[in-house]
Amino acid sequence: MLTGKMVRVRYARDRIVPYYLDVRDESLLLAAEQLLELYRGMEGRTRGELEEVIEETFGDDASLVHQGLAKLLEDRCEFEVVSGQPPEAVRALVFRTATLQRLHPVGEQASTGFDRQAVLEQVAGMLNLGVEEVERSLFADLKSEQKLIRFKDTTAERLLERYNVALAQAVLLRATRVHVSITGEPPARYRQLLRQLKFRRLLCEAERTGPDSYTLHLDGPLSLFSSTNKYGLQLALFLPAVLLCKDFELRAELRWGAQRKPKLFLLTHRDRLVTDAPDYGMFTPPELALFVESFRRRQADWEIAEETEVYPLGNGYWVPDFRLLHKASGEVVLLEVLGFWRKASAVKHLQLLQRHATLPYLLAVSDDLHIEEQLDELPPGLHRFRHMPLADEIARLAAQAIGRA
Amino acid sequence: MLIFTYDNATVYQIARDYLVPAITHQTKTKERKQILDGFQTGEYSVVVTSRVLNEGVDVPAANVGIILSGTSTVREHVQRLGRLLRKHGEKQAVLIEVVTRGTIEEFITERRRQHHAYQ
């Protein structure tokens, strides 16, 4: 992802227009290739060294484009703390030993003052290590000391394409509302988009605008009272799923700059942004995996499975997260755990379910993902949890829902 | 003794050379607490830090402060001073500023002293 200061845009009246790169531009391709070559050779070196080499190579010529490309390559790197000993423990011991020596100098130290080497040797002895290793471990967990262990290679052209997507993603971080109209996709694609919205836990209303078209109305991160960064990242990560559509139009209402001026950002398939994001097959948000595990372990009467079906619900759709099967009776309860939520939209959703749902259902929310300043009482039917749903409580409610409590 | 610097590179340079605990924005909460606790109990006699300690951290045990860089705002400076002036038994506190002659630091230290905390 690009950081705020790397974003390059121009203004056209009330519109924000990113400076997309021409992915066939020879000099840009060359710069991209140069950077790639640099990263390829740096495995095993530290982040600090990597930054130095980049600075040496581009020096003061490093434009925002170069910085941006380098940042995107850094995102493809895996860094690791490499140290035989936990650095925190090593340095605590070194600092304590140094303090003791300062307070109670031994022999010559009383006159010569602090003896760094002696402290290191003493600690090395205690830990059964070499002096050099102690020195190396001291701050091995600092960001600049982390070692590059893996770099996911790519091509110069792909890198430039990725840059353009990243530019659009960075602009979306400043959105209050985002409207996406999609036309002419097969049902499987819509299902995937809706599941992806769920997976990202975004606040969205989907409106069916024709037999094969949908308009998604999403909340932007700047409309939230809290979790703005966390939510913004999820919204940015949702963009590639939109880019996979053949015919789409995205309109984002922005608050731009320090003064938060209202601006518009438009993006359509005609901008020809290309994503190399794979079509994801995973549907359980990572936060919910623990709940599923605990439910499986604790509730022998029930079977829990991801629900992949998309149900029509009034004018919209409904994507529950899980299907709970009561083994003895074969009855099914659908469970939905809302992602980021605010009271008004959760209550509206509950009312839709009460009116249109054809199967027994449970609707759960977590305090962690509530994004308003205040929360007063919720109507019955919205089950509130502090972090994640609790397996026992969900099983009890599900039994109630099918009249087997 | 608290040593204040302007940038993190200097913090870690001092921490490595003199083997004293360092606190920067990269220091995790748990370790930060452990260092400050150790400072209170005397387990550590020196802590070196960049700007993160300025606000909202209480270190009444400190009685010597050394400021190694000129560039800081008046507000930041007064907060650093405040770190030292916490009441703690009968302690007397000393603040030492290292100012390089003939550099902008001379001007900055002059400006800082106009705050009423110095009057």
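Two strands are said to pair if DSSP finds at least two bridges between them, and the strands themselves (E, at least two residues), like the helices (H or I, at least four residues), are DSSP runs numbered from the N terminus. In this predicted model, local features need pLDDT of at least 70 and side-chain atom pairs count only at pLDDT 80 or more, while totals for chains, interfaces and linings use all residues. Residues are numbered from 1 along each chain as its sequence is written, chains are lettered from A and ligands numbered from 1 in the order in which they are written, and side-chain values use heavy atoms, with hydrogens and water left out.

By that criterion, strand β14 (residues 332–337) of chain A pairs with strand β15 (residues 361–366) of chain A in the parallel sense over four bridges, and A:Leu335 has A:Leu362 of β15(A) as its bridge partner. Both strands belong to an open sheet of five in chain A, ordered β10-β13-β14-β15-β16, whose pairing is mixed. Its edge strands, each pairing on one side only, are β10 (302–306) and β16 (382–385) of chain A. Helix α12 (residues 343–356) of chain A packs on this sheet and touches β14, β15 and β16 of chain A, its direction making about 175° with that of β15(A); contact here means heavy atoms within 4.5 Å, and angles run from 0 to 180 degrees between N-to-C directions, with axes fitted to C-alpha atoms, for helices over the stretch in contact.

Elsewhere in chain A, strand β8 (residues 248–256) and strand β9 (residues 261–268) pair in the antiparallel sense over eight bridges, with A:Leu264 of β9(A) as the bridge partner of A:Glu253. The two strands form a hairpin with four residues between them, and A:Gly257 in the turn has a positive phi of about 75°.

Among the helices, α1 (residues 26–40) and α8 (residues 156–172) of chain A pack at an angle of about 105°, with their axes 8 Å apart. That angle makes α1(A) roughly perpendicular to α8(A), a term that covers 65 to 115 degrees. On the α1(A) side the contact is made by A:Leu28, A:Leu29, A:Ala32, A:Glu33 and A:Leu36, and on the α8(A) side by A:Ala156, A:Glu157, A:Leu159 and A:Leu160.

Turning to the two chains, the contact takes 19 residues from chain A and 15 residues from chain B. About 1600 Å² is buried between chain A and chain B, buried area being the accessible area (1.4 Å probe) that two parts lose on being put together, summed over both.

Definitions and conventions. Parallel < 35°, antiparallel > 145°, perpendicular 65-115°, else oblique.
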